[in-house]
Amino acid sequence: MVRSPKITWKGYKINRVKSLKYLRICVDDRLNWLEHINKKGDKAIKMQQNLKRYAGGNWGISQIHRRTLYKTVIERMLAHGSSAWCLNPTFKMKRKLPSIQMPFLLHISRAYHTDPTAALQTILGIPPLRMQLQFQTRFTSIYRLRISLLPNITDIQPQDLDMKATGWSIHPSEHLKPNHISLEDGEANIARKIIINIFTDGSKIEYGVGAAYCVLTNDIWAYQLSAKLNDNNTVFQAEPTALHEAVIYASHLPNHNTSKIHVDNRASIMASSNSKSTNETARKIFKILLTNPRIKVSWVKAHAGNIRNERADKLTKDATQHGQPYSLTKLPKLHIKGLLRKSML
């Protein structure tokens, strides 16, 4: 009931507004976000109408394309900045979001306007907009903002997740020499001068996830290691883990010994030779190889009758059940997405 103060700046009057836009998010004076939701909803409807015009002369857009446009265009527009305003939605927001989603459900299903929103969501398999936005918000809060949502949502802590690394792991002028990494099949060209050959492998089967390597010294199996990773880890994490442990083992050998590590996964080799890789394990491998030029890494063809590589493969399969517990590899991004999606459903 009190008149707001008059504010002037260098003789110019600054008018009071009820909302302002910052980073394409409308912030209102009550912080209830309803104006932002309304504007995003109106913009999404206009976008949908423009998309419909493109196919007006072709009997409209097919259902699969209507659904794809909603999931990839409309839903992404409505989810903009949701981590700032949809973590704990108010009652008014919960009532408003279904009314925004309803026109798009009707457009996809071609149903009657009197059909219930919940029925269309169930038939189409599209979650309620509020739940979908909360799913995106919770994932962003945990994975990117590193905010813990304990204990209501999940027991996973942000530090337990495998985050992407950014920038260079080392100065760009530092790089591996061409003879350090080989992407050609190295099985037929195992040098006799190389005393130590190490074969690595990673696998994920129904029993779990395992990583292993075995060491061949003068045609004698001298050492082997098998590790059982968390069941939620991926095979793309198991392969670099096996290579990392093998590189550590080779770096601790006497300096006069030359080691050659044979890997049947090209992606792991390419990531480990890139100083700008986003994988933390690959960055560690790169640094070790850079300081130990006597360690070579070579690709070997998998499941091609190579007895040495098959031994590493068998060792990895056994590691999924009987390997030593290995907890240094963090959980992948897909794991937290799966937990949040399960909670949403």
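Colleague: Which residue in strand 9 is the bridge partner of Thr-200?

Modeller: This is a predicted model, in which local features need pLDDT of at least 70 and side-chain atom pairs count only at pLDDT 80 or more, while totals for chains, interfaces and linings use all residues. Residues are numbered from 1 along each chain as its sequence is written, and side-chain values use heavy atoms, with hydrogens and water left out. Strand 6 and strand 9 (residues 259-263) run parallel and are joined by five bridges, where strands are DSSP runs of E with at least two residues, numbered from the N terminus, and helices are runs of H or I with at least four. In strand 9, Thr-200 has as its bridge partner Val-263.

Colleague: How many bridges join strand 6 to strand 7?

Modeller: Two strands pair if DSSP finds at least two bridges between them, and a hairpin through two residues joins strand 6 to strand 7. Ser-203 has Gly-210 of strand 7 as its bridge partner. Strand 7 covers residues 208-217 and runs antiparallel to strand 6, and the bridges joining them number ten.

Colleague: How many of the ten residues of strand 6 are buried?

Modeller: Buried means under 20% relative accessible area, exposed over 50%, and partly exposed in between, with a 1.4 Å probe and protein chains only. Strand 6, residues 196-205, is mostly covered, and its buried residues number eight.

Colleague: What is the radius of gyration of the protein chain?

Modeller: The protein chain has eleven helices and eleven strands. The globule rule, 2.2 Å times the number of residues to the power 0.38, is set against a radius taken over C-alpha atoms. For 345 residues the rule gives 20 Å, and the chain is well over that, so it is more spread out than a compact globule, with a radius of gyration of 28 Å.
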